[in-house]
Every structure is written in structure tokens, then in C-alpha cells.
Amino acid sequence: MKSGWVPNVILRAASLLAPREHRAEWVREWQSELWYVPRRGSTRFCLGAFRDALWIRRERPRAAERSGMYLESPLHCLTFLSVLASAGLAMAAWLPAPRLAGMPAHFRLRDLPAACMAMALLSGLMLPALRMVMGPHHHAMPRPGKLRRGVFLALKLALVHPIILCGFLIQNRLAPVAPITNLIVTGAWIWALRWILLDQRQRCPVCLRLLTDSVRIGTASQTLFEWYGAESVCSRGHGLLHSAESSASYSSEPQWLRLDPSWDSLFVESAKERR
Amino acid sequence: MADGLRLSHTSAMILQAVGTGHLYGYTVIAVTGLPSGTVYPALRRLETDGLIRSHWEKQSAADAALRPPRKYYKLTRPGEAALDVSRQRYPLLAKLAPSEELEDA
């Protein structure tokens, strides 16, 4: 049955939400189903594609897990961000500054810390809102590592701002008055802050390495009084993180389960295999 | 898998529809009255949980009928067991999707 152009446009738009690796199969399935839908209800039928695409995106392994090989260690993560920040600072010093009254034509190196500081202050305002949107994450953390975790978070925040500053300068250079590019860079800023929080949440609270080997536990279609979610493990054997997939009064926050030294032998072998 | 199954009502309805021969996403929508944005994710979830499995129809069969190939769903053994348990839990499920509406797979 031939459907109109509107349902096909909706499907194409929704397909952008589906992960790239599943997109072709996803579009094929929806288009084959659309063929059987009466024309009158086809638009409504296709609107459900957005939810389906979002579901697939949510269910696939997280990007951080896939990139964990490179950024698993906190040192690697900070080195990676430092390289990007240095490149960002170099570009920021080279690119023309925004045309504002009283500003020099180029950022001078001594202006950069002030610009980054101003951005950091704005980030400080955005972070609590982002944390609220991302949901609670106050699992009982071991006290000794709190300072280290705080320093790691602060360093990540400090290193991300030169990169975003560079983005703003490039945007200002390419399209100084286009509001859409402003929105894109602001969106990238929020995305970067979200990534920082997400990355922090996916790290072992003891050694700050990214938690790995995430496995699903339970079955999502059996939700009545059943816990289901994901369990990740620290590759050094410090503990396990249980994260519920759906929030309930008894499982709204992730649970950190500390492993005692009797588990060490298991992780020593695993660490050798990784090397 | 079959012991202690507690399917949500929506999942049970979809499982019942598939179990009674409504093997395609759109026919499940038509018989349950659920929106497409609920049915397709639920079908994927049931498949992930091993209660149903999906297959693409052969291209040659679809070409012969001058239509695109469809993805169809079938109950697995754990799915059948889960459906039995759900029918006891939700007796009205049996009224949904009577078996005489079976379609060719």
C-alpha cells in the first residue's frame, strides 16, 4: 500500500534517533510495516517510531563503555582532555576574538584564564540543574577517595572549558550572528558537562577507573516488584555497581557493593589477561 | 525462565497476540489497540528476554506477493510458559485475539 510522503518524512526523522549500526534494519522494518497500514492512520502509526528509535538507543551499550578502552584509566582520560584543551587554547589564541567593545582583535594568552573562569562560573550554575535532570546518584561512596574524586571532577571541568571556548571562537569566526550556531555550541557545552557527570558516575569510586563488563540482570518485561538493571565491575576488583533501569522506591539509587580482598585473585588474572 | 514470571499487563497482551497468530507488529497493534510506540519497543524487549523470536520473511515470497518482506514474531518455549502463567494471572487475556484469526507465517 502506497503511503504519503508525510509518514516517510517522519520515519526518516525518527531514524536519526536510532543508533547508526541498527538504522538500516530499523528503517527497513518500519517501512515494511508501513506498507500494510491504511493511509488514514499512517501518520499516527509513524509517530510511534520516535519512541521505538529512542528505546533502541537507550538499550544499546553505552558509548562510554565502548570507548572505555581508551579512557578507562583516569590518567588516560586527563591526558586526552589535556591534549584537546592545549589544542583549544592554541586555537583560541590564534583565532580573532569576538568583536566586542574594548576587546583586542585577538585573545591574548593572559585573557584566556579569565575567559575560561567565566565559563567555569556559568558551568557551576548549569551543573546542579544537569544533575537534577540526570537523576539521583548518591550511592554510598567510600570516604577516603572523596577528595581524589573531587579533584578528578574539577580537573575534567577545568580542561573542558578551553575546548568549548575554542568552539565559541570558531563559531564566532564562521557565523558571528547566526543564532543556530550559538545554540549548537551551547548544546555542545551542555553535552560536555553531561558527559563529565556521566563519566564520573561510571567510574570506580576507589581507583577512578571506568567500570567495565556491564551485564544486564533481570528481565525488563517482568517489572512487577522485580529489580532489573545493569551491573558493572571495577577491573581492579574494588567493587560492583548495581544500577536499576527503572526507578522505584526501593531501587532509585545505584548501589555500590564493595568486594573484600578474597576476590583479589580473580582480578589479578583478569588484569594479566588485559595486558 | 517460566518460574515466577510476572509479565506486565501490556507485555502479556502482546505475548497473547503473538501466541494466537498475530505474528506481525502491525497486526499486534490492530488486535491490542496499543499504539505503535508501545508495541514495537515491547516486542524488542520480549525478544531480548527470550520470550519471542523474530525472522524476516524470505524476499522471494514477498516478491511473489508484490509486497515488501515482513518481520514476523513467534513464541519461544519460555514465551509459551510465560503466556500460560500470564493467562492464569490475567484471565481476560483469553478474550483477546481469538485463535481463529490465525495468519499464515
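Let me begin with a definition: the expected span of a helix is 1.5 Å times one less than its number of residues, and helices (H or I, at least four residues) and strands (E, at least two) are DSSP runs, numbered from the N terminus. Please keep in mind that this is a predicted model, in which local features need pLDDT of at least 70 and side-chain atom pairs count only at pLDDT 80 or more, while totals for chains, interfaces and linings use all residues. Residues are numbered from 1 along each chain as its sequence is written, and chains are lettered from A and ligands numbered from 1 in the order in which they are written.

With that rule, the 13 residues of H5(B) should span 18 Å, and its end C-alpha atoms are 19 Å apart, which agrees. Gly79(B), Ala82(B), Leu83(B) and Ser86(B) of this helix are buried, where buried means that 20 or more other C-beta atoms lie within 10 Å of the residue's own, exposed means 12 or fewer, and C-beta atoms are placed from the backbone. Those four cover an arc of only 105° around the axis, which puts them on the same side of H5(B), the arc being that of the directions from the helix axis to the C-beta atoms. On the other side of H5(B), Arg77(B) and Gln88(B) are exposed.

H6(A) has 21 residues and reaches 30 Å from its first C-alpha to its last, close to the 30 Å expected. Its buried residues, among them Cys77(A), Leu81(A) and Leu89(A), fall within an arc of 100°, so they line one face of the helix, whereas Leu75(A), Val83(A), Ala90(A) and Trp94(A) on the other side are exposed.

Which residues touch the most other members of the largest nonpolar core? Of its 39 residues, they are Ile14(B), Leu15(B), Val18(B), Val28(B) and Leu43(B); such a core is a set of buried Ala, Val, Leu, Ile, Met, Phe, Trp, Tyr and Cys residues joined through C-beta atoms within 7 Å. H1(B) gives the most to this core, with six residues.

Finally, four strands of chain A form an open antiparallel sheet in the order S1-S2-S3-S4, and two strands pair if DSSP finds at least two bridges between them. Strands S1 and S4 stand at the edges, each with a single partner strand, so one side of each is left without a neighbour in the sheet.
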